[in-house]
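I wanted the overall build on record before any single residue.

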Amino acid sequence: QVQLVESGGGLVQPGGSLRLSCAASGVTFSSFGMSWYRQAPGKERELVAGITSAGGSTTYRNSVKGRFTISTDNVKNTVYLQMSSLKSEDTAVYFCKAQRYTWPRTTYWGQGTQVFVSS
């Protein structure tokens with residue numbers, strides 16, 4: 001059974017840093033694509049960063065390139081999102097997502113962790 005548990009959110013000042021963690025049970029990173037999404041109040045959920053095949057390839061939305069880094073720890077079975085130079089517009093609930101590469105390409109979501117960027 002797949003379970004994703006996010007942690008690491010909180011309140012941070014503009015320009016600060018946070019590291020989000022997603023502890024993934026029932027997931028083998030070689031069989032799942034992992035990604036982080038976020039959803040701000042009144043807005044649609046959007047892709048922030050993705051990582052494939054145990055770290056072989058990464059992708060980022062333009063607004064976070066150079067500031068955020070997604071990575072995996074295969075020993076701890078955890079996905080990280082290192083966020084730096086945070087801006088108020090990064091305020092959102094951040095969700096971890098796992099999607100199986102092969103049919104039926106099932107998607108799993110964590111419960112989310114809140115990030116507030118404010119002075």
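I was working on a predicted model, in which local features need pLDDT of at least 70 and side-chain atom pairs count only at pLDDT 80 or more, whereas totals for chains, interfaces and linings use all residues. Residues are numbered from 1 along each chain as its sequence is written, and side-chain values use heavy atoms, with hydrogens and water left out.

**Entry 1: the whole chain**

I looked up the secondary structure, taken as DSSP runs numbered from the N terminus (helices are H or I of at least four residues, strands are E of at least two), and found zero helices and eleven strands in the protein chain. The radius of gyration, taken over C-alpha atoms, is to be set against a globule rule of 2.2 Å times the number of residues to the power 0.38. The chain has a radius of 14 Å, close to the 14 Å that the rule gives for 119 residues, so I noted it as being as compact as a globular protein of that length. I also noted that the C-alpha trace spans about 45 × 25 × 25 Å along its principal axes, and that 40% of the 119 residues count as buried.

With contact meaning heavy atoms within 4.5 Å, I read that 54% of the contacts between residues at least 6 apart in sequence join residues at least 24 apart.

I turned to Thr113, which is found in strand S11 (residues 113–117) and counts as buried at 10% relative accessibility. For polar contacts I used pairs of N or O atoms within 3.5 Å; within protein, one must be able to donate a hydrogen and the other to accept it, and residues adjacent in sequence count only if both atoms are side-chain atoms. The side chain of Thr113 reaches the backbone nitrogen of Gly9 at 3.1 Å. Leaving out residues up to four places away in sequence, I found that Thr113 touches, among others, Glu6, Leu20 and Tyr94.

Thr78 is found in strand S8 (residues 78–83) and is buried, with a relative accessible area of 8%. A polar atom of the Thr78 side chain lies 3.0 Å from the backbone oxygen of Lys76. Beyond four places in sequence, the residues that Thr78 touches include Cys22, Phe29 and Asp73.

**Entry 2: backbone geometry in the loops**

As background, I kept in mind that most residues other than glycine have a negative phi, and that most peptide bonds are trans. Asn77, in the loop between strand S7 (68–73) and S8, has a positive phi of about 55 degrees although it is not a glycine.

In the loop between strand S9 (92–100) and strand S10 (107–109) I found Pro104, which is joined to Trp103 by a cis peptide bond with omega of about 10 degrees. Arg105 lies in the loop between S9 and S10, has a positive phi near 55 degrees and is partly exposed, with a relative accessible area of 42%.

**Entry 3: across the chain**

Which loop holds Pro41? I found Pro41 between strand S4 (32–39) and strand S5 (46–52), where Pro41 is exposed with a relative accessible area of 75%. Pro41 and Arg105 are 64 residues apart in sequence, and their C-alpha atoms are 28 Å apart in space.

Terms used. Buried means under 20% relative accessible area, exposed over 50%, partly exposed in between (1.4 Å probe, protein chains only).
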